[in-house]
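Reader: I am new to reading protein models. Could you walk me through a few features, one step at a time?

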Amino acid sequence: GCSNEGETAGGSEDDSNTLVLAQAADIPSIDPQNSLSTTGDRVHRNMFSRLFMWDNELALQEDLVDTYEQIDEETWEFTLKDATFHNGETVTAEDVKFSLERVMTDETLKEYPYFKQLKEVNVKDEKTVEIVTDGPMPTLLNLLAKSGSDVLPKAYFEEVGVEGFQEKPIGSGPYQFVEWIRDDRVTLEPYEDYYGDTPKWEKVEVRAIPESSTRVGELLTGGVDLATDIPPNEWERVESESGVNLVNGETTRVSLLMVRTTEGYVTSDPKVREAIDLAIDQQAIVDSVLQGTGIPIRTRVPEDVFGSNPDLINTRVYDVERAKELLAEAGHPDGIDITFTASRGRYPLDSEVAQLIVSMLGEAGINAELKLLESSAFLDEYNSKSNEELIMIGLADGLLDASYSLVHYTEERAAGQTDYKNEEVEELFNAAGQNLDEEERKEQYQLIQEIVAEERPHIFLYQNAVNYGVSEGISFTPRLDEAIRFDDLTKE
Amino acid sequence: MKKYLVKRLLQIIPVLFIISFVVFVLVYMAGDPVALMLPEDASESDREAMRAALGLNDPFYIQYFRFVGDLLQGNFGTSFRYNEAALPLVLERLPATLELAAASMVVATFMAIPLGIYSARKQNSLVDLFITGGSVLGKAMPNFWLGILLILLFAVNTQIFPVSGRGTIIHMILPAITLGTGVAAEMTRLIRSNMLEILNQDYIRTARSKGVSSNILVYKHAFRNSLIPVVTIMGLQISHLVSGALITESVFSWPGIGLLLVQAVNGRDMAVVQAAVFVIALLVIIINLITDLIYRLLDPRINYS
Amino acid sequence: MQGNAQAKTVTTVPTVRKKTKASGGFKRWCRLLWQSKTGTVGFVIVSLVVLIAVFADLLVPHDPAENNLSNMLLPPFWMEGGSTEYLLGTDNLGRDIFSRILVGSRVSLLVGIFSVVLAGVIGLLVGVAAGFYGKWVDTILMRIVDSFLAIPSILFILVVLAVFEPSIMTLIVVIGLTNWVSYARVVRSEVLSVKERDFVRASFSIGTNKATIIRKHIVPNIISSFIVISALSVATTIILEASLSFLGLGIQPPDVSWGAMLTDGRNYLATNWWIATFPGIAITITVLGIIFLGDWLRDVLDPRNYFSKKGGA
Amino acid sequence: MNQQLENKQRTQSSPLLEVKELSKHFVVSTNLFGKPKESVKAVNGVNLVLEKGETLGIVGESGCGKSTMGNTILRLIEPTEGSILFEGQDVLNMTPTQLQKMRKEVQMIFQDPFSSLNPRMRVFDIIAEPLRTHKAAKGKALHDRVYELLDLVGLDQSQADRFPHQFSGGQRQRIGIARAIALKPKLIVCDEPVSALDVSIQAQILNLLLELKEKLQLTLIFIGHGIPAVKYISDRIAVMYMGEIVEMANKEELFSHTHHPYTQGLISAVPIPDPSLRQFSEDVILEKDLPDQRNLPKGCSFSSRCPFATEKCKVEKPKLEAKEEGHFVACHYPLHV
Amino acid sequence: MSDNLLEVKNLHTHFFTENGVIPSVNGVSFSVKKGEIIGIVGESGCGKSVTSLSILQLINKPGKIVDGEIRFHDQDLTTFSEKEIRKIRGNKISMIFQEPLTSLNPVFTIGHQISEAIRLHQDVDKKEAKQRSISLLRKVGMANPERQYHAFPHLLSGGMRQRVMIAMALSCNPELLIADEPTTALDVTIQKQILKLMKNLSNELNTSIILITHDLGVIAEMVDRVVVMYGGEIVEENDVFNLFKNPKHPYTKGLLNSTPKIHQLKEKLQSIDGNVPTPDQLPTGCNFQDRCPFAMEKCREQSPNLVTSENGSSVRCWLHQEKEVVNV
Ligand SMILES: Nc1ncnc2c1ncn2[C@@H]1O[C@H](COP(=O)(O)OP(=O)(O)OP(=O)(O)O)[C@@H](O)[C@H]1O
Ligand SMILES: Nc1ncnc2c1ncn2[C@@H]1O[C@H](COP(=O)(O)OP(=O)(O)OP(=O)(O)O)[C@@H](O)[C@H]1O
Ligand SMILES: [Mg+2]
Ligand SMILES: [Mg+2]
């Protein structure tokens, strides 16, 4: 074993300049273009830098980019700041081209699907790079702030290959890689020549502690400074303990029921869909099981994401009596039988929520047979589209742009799943996707959401919250994208 | 002796072959890893592209032959999840699990031997009843439950031990107790009944008739003999230990092979599952072989043919 | 002593008192049971649990699956805030823990018992075949057994359950299909030793065919140790089901099992201890009872005890 | 093979049992490829002829192959070599039906009454088993027959539905005997039927066997290492040593004119229950222990212990030959000739 | 009384089992003189072993000496503490058991086991103990004792193992050797070797021996005086020659008559009818009544006492007591 080289977790209290985070899962990969997860992103965005980034107010800011300019509808030009990789080499346009081309072309990379719209990346000079998109792309800058756009050092990468790079990754962010013990921890140290503000922490450890009570235990005993994903049942413990605080933050993840509008299902009748929606008391779910965190919602685009519709947020249409009437109107005075698939352990309290929904539906005469599946079986069912009337799922937004979510209501994406089809939505969506006029685009998206809320191919439940346990003395403000930049945290 | 070893080692080959086939079939049937790698939003065409790139669209037998071909070259393939060779991934984690298993075996042995012997010597006394009851209790408690309880009691409420993680010796104590308790319970019961049987043997009577004191009788004459079945049990327990490790590792965030495997199974990470099962099976076989050899060492009556 | 007077003939009247029919009889078992304290305790526990499982539906005060948001996380009745309506408190969905424990006994016992039956039947067949026929039959079967033994069972179950949705049926089948190997091993070694006993040879010498020998001589003589390990493995299986629940592979709601309750409640141990503690106690007591009963069975069914206690007449 | 021996042994028409060059080698270790490497020659080229109605005693030290021979005669163990003729039929080449029929005629009584009865079967079923197997009787007839057998061996009918553990050793051996005679066999192989019994019970069983032999006209092979008992019950006695018959003769002849030094050692080692005949000093005591059966001496297998052994004995194996009418011995230098 | 090395007086050893008390030994008395070999005969289960184990206080758990004295050098061993009795065991009194295979610890070499016995009672170092063990092995006739010293028990034949047991028993020159059926598991030819060895040793060292067996032949060849046991009691005790010539107790008679003899011509063996009783099923009155051809009314009502006649022989039977009464 390597027991002597491991640092005791409890050590963070002694040397005040070490930051220890605990997440519910390990980072999936150290390769930022192959990660696609919040847990991974929390490490990557501190190790690598991108052309753009979201600041704490969720406004897009230049990161590696010094200046940029849109040449025409499809062409953009960026000049880079003076930055160096952790091995001392300068970040050049060649590196940007290399990184983007890698993620544009390698299908095995998890970030690949988001970069298909990029057509080419051209090096203008050492510091200038040109990006050509496949048609007008209003979300290009959002994309360039995504973890798949992390800039990798071309020369080093080509020298050591993927395997070598994964062993010792090099980026240009404020912190550099020390080691990754899989399923245990990632250790980082500051990169002194970082081009931005000098990094504050002498050492950062990001630990993976999947068992929530253990994670809270570590937090309570001072083993970690910040723990993510504290489930509601632990809040009391965290809050009552001195020395730790509970911090609540929103996420872009919206829990919703996907409903089959396919011919032949009882839910193809909009009245039945409406009845289901009316039968569910979102507020009660939030208040009871979720203990007050989470926001009842009627759209997939939460506040602060571009294109969100404020009318559909923090609202519900609960009315059991009306639901019963609707069922009767739809020709089911004695109620209906449906199958309801939900996951167990994939999202916080998902199985509890599902069981609650079943009883709520029951009250309206909707007899839902619950099929609870463990995470991977659930995904199998979801992806193979073999679920029946209802499936409960939580969907997030990786671009902070409504286009990311609303694509689900296009005929192509909905096929086999909700089988939702609406010409108007189709047109609106396509138009918005090419529309470089921000205001107009926003309106188009809001309109789509209204139609969806009325027609209910999805029945929305609530916007998920995430809860962090934070040691006293650490100041921490959660962000909608659930990201954590180490230097945003401070210790007194 | 040598012949025996060679024979035993040769027997490993068909066993591993059967195992790999079974596991391959299962993992193949388990479904599509791609679904688990991309986010919920990914479109069907995105997934299709990835499947094609990973060679998952080939028919079963082609995938299997590719697998066996690679295997014969010592290559278990690449982990989908980590995009790295699977075997090193597994081997990297092996020390942590071995360390935990060894520690819990030590805990178990140190708990079981004195308790087992003591309760055998004081058969039917109150202490014996207490120890027997305790060992039954130890067996009846599920691992994860005990682990969480230990964390609450000894790491959170009274901060004697660290909560989780792998590092110094102190980190090892709670997980080792969690994992070792069940084994200790089993062993205590076994040692007790063995001792009782051995204390009734003729050669114990012979030793007593020589004037040997009761301590020497128990710790020399009887114990050496009672160790023989204990060693065999230790060999069999290794597979329980690995099972328990799957759970204990999750509870204590112990970066061992169990945790890796659970995640690999959930993620349908075929190569890693294969490699891990293979390595674990080999480990179990080898440890059983070793205990067999120790067994033979302890018991001079056994010959090797 | 009756019959001393006729002791002169070769036909000795037995000196043993007549207890012919009673030897397998109900009374004898009762006496044997009563003689062992732990055996009695085990028997009582196991019978109670079985009765509870059978009549759970009649016994439950509340619908075990019914959510009640106004009564969430109530403590047991003797604690402040508890009510006698919910004897052992409620869980995070306001469900009555007492009712859930009663109903949960079903899955635990069903899975425990039937998977053991399945494993036992396969193990018995394979073990007898391997032990009795020997040669290549033995070699092939034992290689398969070795393979299964080399994979820790939970690992195998984990992989299998990734393929098949967990339900009571799949759990039973999967656990049964992994556990048969240990039976096969034990049965085989028992068969090997019984096979060598003289009465088997005697039966052969009479010309009895193999099937009859297996049925009348081999199986009856290995069945007692078989019963003993079966009893004990019911206990192990109940714990295994709990462990599978922990890995997310146990029984799925709305079905209840003790293991699932334990798993769901584990996150509440620090704050609402009763959610996980009562099913934990239920498991422990049941397992305890089964182990006691198993130990007692081992003592009574062990031929060594059987003979020495009864004496050679 | 051994024509002379055959002729000499065969007095009347066709004998009941004829054993020719019978060998059984147990493989005790194999090499990597399953080929035998070492084997125990438990029975090594034995020839026997058994006439109807006679009792042949077989004596020899423990492990010399007596039981193995008994078992091979019933084909409970497959011999390595040789042939066994029962009533002129080759037992080793029998079809299953013939074998089944043969097993009706040849029965066995085992040494250990404790392990030769299935502890989970009632006495009635144990005795009825051969009758049922061969469908010799059914229903009432079966019932009557079993009770008759119980009577015959001196057990009470009321004991029929008991289990074996409720009987004493002597009674159990009676059950074993009842089972063996149930089918009215022609030949019974008794494998040390009294050595596990109490001294005062042994005589009961020996007398019972003698009685039954008369009544049912049985032919017996009586294996035992209690030489006095064997002598008591047998007509002829064969002495075995390390899987071979070293001497065979009529019992009076054998004791009065012992030819083989081993036989002599064996006889003189039997303690005589008469203190006035104490004889340690003058007697031949076979000094050494038995040789390892895996590698016996090349020549005469007794040469390693024989006080008279010469070089010849160590290289050349003596044949079993008749020194006198009906008295066979395998020795280069027989005594008393 | 000083010429008696050992005196067993009115020994009762009972086993307290779940099924009741089993009176395995029920009032046994006998004595052993220096240099004398006495034999105890009787069939399986009559209490021979329990008697011998009682002498060394080796009776295990459910068993207990409930009454009687065991005087060795005029000291009562039953009053000894565990520590004191350990000094006697293997030192002054040694024991050899029936089963040579199971009586040796399989995991230690025979040399180790003999040395252990030596070092327990004599203040010698390892090397010296080894030397002595080897010479003991030579004395009991083991070929190549230096090599055999390192052998494990299972590698030795039954006869050799029994020699090891004897060597171990003799390691401290005991004054009394108890041999509990030392040759029952052995072949006659080996039995002869072992018996001769024991007899020679006894002659050489003037060791007293208690030889337990059920083989009358062995008794006839070896011992000076015989104790016949039946059902946990002594039924007859006599000088060996007198006993064989003139057995008094019907059981002794029956035993002698039912033993087949090698040098006698064929005559029908007499047998003792009935079964050997187990100690938990003993009848009231004489234990032998059920099998005795001379049983009388009295035998069924009252147990006879062991009555000693002038010549030192004793018998427990109403027949003889009445005779005695008549004679007086
Ligand atoms: N199945 C077997 N495998 C190997 N060796 C065997 C087997 N059966 C018997 N032997 C060996 O064959 C030899 C003869 O055994 P057998 O049982 O015939 O002797 P025996 O004369 O009947 O002895 P005993 O008087 O002790 O019953 C012995 O050395 C024994 O170890
Ligand atoms: N541990 C015990 N528990 C109960 N009863 C016992 C125990 N040991 C011996 N006995 C009883 O004591 C009686 C005498 O036993 P003992 O061993 O002295 O007989 P033995 O004469 O030595 O017989 P054998 O010739 O078979 O050795 C037996 O009938 C037995 O039932
Ligand atoms: Mg034999
Ligand atoms: Mg005895």
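Author: Gladly, and let us begin with a definition: Ala, Val, Leu, Ile, Met, Phe, Trp, Tyr, Cys and Pro count as nonpolar, Asp, Glu, Lys and Arg as charged, and the others, Gly among them, as polar. Please keep in mind that this is a predicted model. With those classes, the shell around ligand 1 sorts into 4 nonpolar, 7 polar and 3 charged residues.

Reader: Which residues come nearest to ligand 1?

Author: A residue is near a molecule if one of its heavy atoms lies within 4 Å of it. There are 14 residues around ligand 1, and those that come nearest are Ser62(D), Gly63(D), Ser67(D), Thr68(D) and Gln293(D). Strand E2 (36–50) and helix H2 (66–73) of chain D each supply at least two residues of this shell. The largest share comes from H2(D), with 3 residues.

Reader: Now for ligand 2. How many residues surround ligand 2, and which are the closest?

Author: Here 14 residues form the surroundings, and the closest are Ser24(E), Ser44(E), Gly45(E), Ser49(E) and Glu181(E). By class, this shell holds 5 nonpolar, 6 polar and 3 charged residues. Strand E1 (4–17), strand E2 (20–33) and helix H1 (48–55) of chain E each give at least two residues to the shell, and H1(E) gives the most, with 3 residues.

Reader: How do I read a sheet?

Author: The general idea is that strands of a sheet pair through backbone hydrogen bonds, either parallel or antiparallel. In chain E, an open sheet of 4 strands has the order E2-E1-E4-E5, with antiparallel pairing. Its edge strands are E2 and strand E5 (75–76) of chain E, each pairing on one side only. Strand E4 (residues 63–72) of chain E pairs with E5(E) over 2 bridges, and Arg71(E) stands opposite Asp76(E) in E5(E). H1(E), which also gives residues to the ligand 2 shell, packs on this sheet and touches E1, E2 and E4 of chain E. The direction of H1(E) makes about 115° with that of E1(E).

Reader: In chain D, why is one side of E6 and of E11 left without a neighbour?

Author: Start with the order: 8 strands form an open sheet, E6-E7-E8-E3-E9-E10-E12-E11 in chain D, with mixed pairing. Strand E6 (106–109) and strand E11 (321–324) of chain D stand at the edges with a single partner strand each, so one side of each has no neighbour in the sheet. Neighbouring strands of this sheet are turned by 25° against each other on average, direction ignored. Within the sheet, strand E3 (residues 55–59) and strand E8 (residues 219–223) of chain D run parallel, joined by 4 bridges. There, Thr55(D) has Leu220(D) as its bridge partner in E8(D). Helix H6 (residues 169–181) of chain D packs on the sheet, touching E6 and strand E7 (187–191) of chain D, and its direction makes about 175° with that of E6(D).

Reader: And what does a hairpin look like?

Author: Chain A has one to study. Strand E8 (residues 175–181) and strand E9 (residues 185–190) of chain A run antiparallel, joined by 6 bridges. Phe177(A) stands opposite Leu188(A) in E9(A). The hairpin has 3 residues between the strands, and Asp183(A) takes a positive phi near 60°.

Notes
Residues are numbered from 1 along each chain as its sequence is written. Chains are lettered from A and ligands numbered from 1 in the order in which they are written. This is a predicted model: local features need pLDDT of at least 70, side-chain atom pairs count only at pLDDT 80 or more; totals for chains, interfaces and linings use all residues. Side-chain values use heavy atoms; hydrogens and water are left out. Two strands pair if DSSP finds at least two bridges between them. Axes are lines fitted to C-alpha atoms, for helices over the stretch in contact, and angles run from 0 to 180 degrees between N-to-C directions. Contact means heavy atoms within 4.5 Å.
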